[in-house]
Structure formats: structure tokens, C-alpha cells
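The sequence and the structure come first.

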Amino acid sequence: MSQDQTTPQDPTSQYAQADDLETQKIDHPGLESDMRSAPDYGEETYRGSGRLEGRRALITGGDSGIGRAVALAFAREGADVAIVYLPEEEQDAQETARVVREAGREIVTLPGDLREESFCSEVVERTVAELGGLDVLVSNAAYQMAVEGIEDLSTEQLLRTYTTNVFATFWLVKAAVRHLQPGSSIIITTSVQAYQPSPSLLDYASTKGALVNLTKGLAQELAPKGIRVNTVAPGPIWTPLIPATMPEEQVESFGAQSPLGRPGQPAELAPAYVFFASQESSYITGDRLGVTGGQPLP
């Protein structure tokens with residue numbers, strides 16, 4: 001079965017089912033290079049058409065998974081890209097850098113920890129300095145770690161989840177707004193978990209609910225400035241985050257609950273981000289695009 005995004009085909013069999021994936025536990029934060037069943041981020045299939053020609057984009061969590069797929073797609077659409085990632089993810093980040101360069105675009109690599117407000121400001125300023133401006137901010141980096149129940153949720157983990165997922169997004173937007181011109185776009189990665197929270201991911205799910213609310217409020221504030229704010233809400237997507245943060249028995253059935261019967265691949269997310277970043281979505285702000293394999297969202 002062809003896995004490209006142009007050939008009509010059955011989406012239930014376009015990619016591997018949950019039980020066809022080689023599952024293993026990997027160390028957090030998880031390297032894509034350590035996965036026996038590597039995610040498809042679109043290297044062999046994504047075709048650009050110049051929809052982001054001349055844009056400058058900052059993507060957090062850009063080393064692997066959804067972030068890498070978005071970086072690749074943006075580059076093939078004509079954008080220069082800066083990616084943010086943890087220092088221990090350098091190996092994956094260099095793979096993202098390779099495919100962006102092969103697309104003929106500039107890449108800025110920014111290792112560090114978004115839990116520091118000063119670092120959030122720094123990555124914005126470095127992107128502007130090295131790429132000559134900023135047109136698209138993609139707040140995609142996130143922390144999650146499954147627990148047995150709320151009694152096992154430590155204050156340390158709760159603070160880490162909220163600081164990485166919510167506070168960092170506020171800090172990034174606050175630093176970026178002064179550089180964004182009319183026609184710019186902010187895209188925030190939320191989750192099906194914002195609407196269908198799993199008990200083992202209460203802290204993560206609640207941060208995604210907060211980001212949905214942030215998207216709606218921020219879109220109203222920035223609309224008069226010509227800056228649009230939208231969110232992509234993924235369902236179960238096969239990325240290094242899954243085997244690095246979930247019990248092995250859950251990984252083995254990951255994505256099987258979706259109506260399409262399988263986990264999604266990062267390559268299937270990238271077009272949603274391209275849409276929100278491009279002028280094609282000029283009359284859409286404060287909205288959500290769910291990429292959930294058929295799991296209904298309200």
C-alpha cells in the first residue's frame with residue numbers, strides 16, 4: 001500500500017496497525033533513532049508547492065515526531081526553520097536539520113530547556129536574528145508521563161508538565177508577538193486528551209485543555225493585529241514520546257481505539273500545520289483542527 005498523501009487509498013490500512021509496530025520501552029525523552037518501528041515524518045512522500053515561500057518559522061519540539069514532520073513540510077513549502085529541543089535530543093535534531101537543508105532552506109538549531117523563561121525569550125530573539133524575522137510560531141514541545149493515578153502524581157511532575165506545556169507557550173508567545181507582522185500565524189499543539197482525558201495522563205490532559213482555552217482567547221486579542229492563532233489537536237500519534245512515557249502494555253495497543261483502528265503517523269499531521277501557517281486559512285483564527293483517526297471532538 002502506498003503511503004503517499006496524493007494516492008487515493010484506504011486510510012485504515014495506509015499505515016501499520018498497533019499490533020504490527022515493534023514496541024519497546026525507551027528512555028525519556030525518547031530518541032526516534034532508538035525506535036525499532038520508526039515513525040514516518042514524510043521524508044519520502046511530502047511534496048511542497050511553495051505555500052510558505054519566504055516565511056520564517058520557529059518550531060518547538062522540532063527534533064522528532066510531529067515537530068520534525070512539520071519542519072520538513074515547512075521547508076519543502078519554502079520556509080526557513082528554527083527548531084527547539086532538549087540537549088539530549090541532539091542526534092534527532094541533526095536528522096531534522098539534514099532534511100531541512102536538503103530542501104534548500106536554512107535551519108537554526110536551538111538546544112535548551114523551555115522551562116526557563118529566559119530561554120523562551122532567547123530562542124525567539126535568535127530566530128529573528130539568524131533568519132531575519134519571524135512569521136510562524138509553532139508551540140509543539142510537551143512533557144507527559146503516565147502514572148497509576150492521581151495519588152502517584154508528584155508535585156515535581158505536575159510542575160514540570162505545566163511549565164513545559166503551558167507556561168512555556170505563554171512565554172514564547174509573549175516574546176514573539178512584538179516580532180510578528182500582519183499575516184503571521186501562531187499554531188499550538190493541543191490533543192484529543194483535552195476533550196477525552198485518560199486517567200493516567202490527568203496532568204498532561206489538563207494542560208492541553210488550558211492550551212485550547214489560550215488559543216481561543218489569544219486569537220481574539222491578536223486578530224485586530226492581523227495575527228491568527230489556531231490549534232492542531234492530534235489523536236494517538238506514533239512518536240518517541242509514546243514508548244518513552246507509557247507502560248509497555250499500553251504501547252502495544254496504542255491507537256487501536258481510534259475508529260481507523262491504528263495510530264497516526266507524524267506525516268499525517270504536517271499538512272494541518274501547513275494549512276494554518278499558509279494564507280489559505282486567512283479567515284480562520286481561534287479554531288481547532290482535530291487529527292484524531294476519527295475520535296470525535298466536541
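The axes used for helix packing are lines fitted to C-alpha atoms, for helices over the stretch in contact, and angles run from 0 to 180 degrees between N-to-C directions. The model is predicted.

**Helix pairs**

| Helix pair | Angle | Axis separation | Crossing |
|---|---|---|---|
| Helix 4 (155-176) and helix 5 (202-222) | about 15° | 9 Å | right-handed |
| Helix 1 (65-76) and helix 2 (90-102) | about 15° | 9 Å | right-handed |

Angles under 35 degrees count as roughly parallel, so helix 4 and helix 5 are roughly parallel to each other. On the helix 4 side, the contact is made by Q157, L158, T161, Y162, N165, V166, T169, F170 and V173. Helix 5 contributes D203, Y204, S206, T207, A210, L211, L214 and L218. By class, the residues of this contact between helix 4 and helix 5 are ten nonpolar, six polar and one charged.

Helix 1 and helix 2 are likewise roughly parallel to each other. Their contact involves R68, A71, L72 and A75 from helix 1, together with D92, E95, T96, V99 and V100 from helix 2. The contact of helix 1 with helix 2 has five nonpolar, one polar and three charged residues.

**Q157 in helix 4**

Q157 lies in helix 4 and takes part in the contact with helix 5. Buried means under 20% relative accessible area, and Q157 has 11% relative accessibility, so Q157 counts as buried. Apart from neighbours within four places in sequence, the residues in contact with Q157 are Y143, M145, V147 and D203. D203 belongs to the helix 5 side of the helix pair.

**Helix 8**

Helix 8 spans residues 270-277 and is mostly covered, with six of its eight residues buried. The buried residues are A270, A272, Y273, V274, F276 and A277.

**Strand 1**

In strand 1 (residues 56-60), five of five residues are buried. In a regular strand the side chains alternate between the two faces of the sheet. Both faces of strand 1 are covered: R56, L58 and T60 are buried on one side, and A57 and I59 on the other. Strand 1 runs parallel to strand 2 (residues 80-85), and five bridges join the two. I59 has I83 of strand 2 as its bridge partner.

Technical notes. Residues are numbered from 1 along each chain as its sequence is written. This is a predicted model: local features need pLDDT of at least 70, side-chain atom pairs count only at pLDDT 80 or more; totals for chains, interfaces and linings use all residues. Side-chain values use heavy atoms; hydrogens and water are left out. Buried means under 20% relative accessible area, exposed over 50%, partly exposed in between (1.4 Å probe, protein chains only). Helices (H or I, at least four residues) and strands (E, at least two) are DSSP runs, numbered from the N terminus. Contact means heavy atoms within 4.5 Å. Angles under 35 degrees count as roughly parallel, over 145 as roughly antiparallel, 65 to 115 as roughly perpendicular and the rest as oblique. A crossing is left-handed if the near helix is turned anticlockwise from the far one by less than a right angle, and right-handed if clockwise. Ala, Val, Leu, Ile, Met, Phe, Trp, Tyr, Cys and Pro count as nonpolar, Asp, Glu, Lys and Arg as charged, and the others, Gly among them, as polar. Two strands pair if DSSP finds at least two bridges between them.
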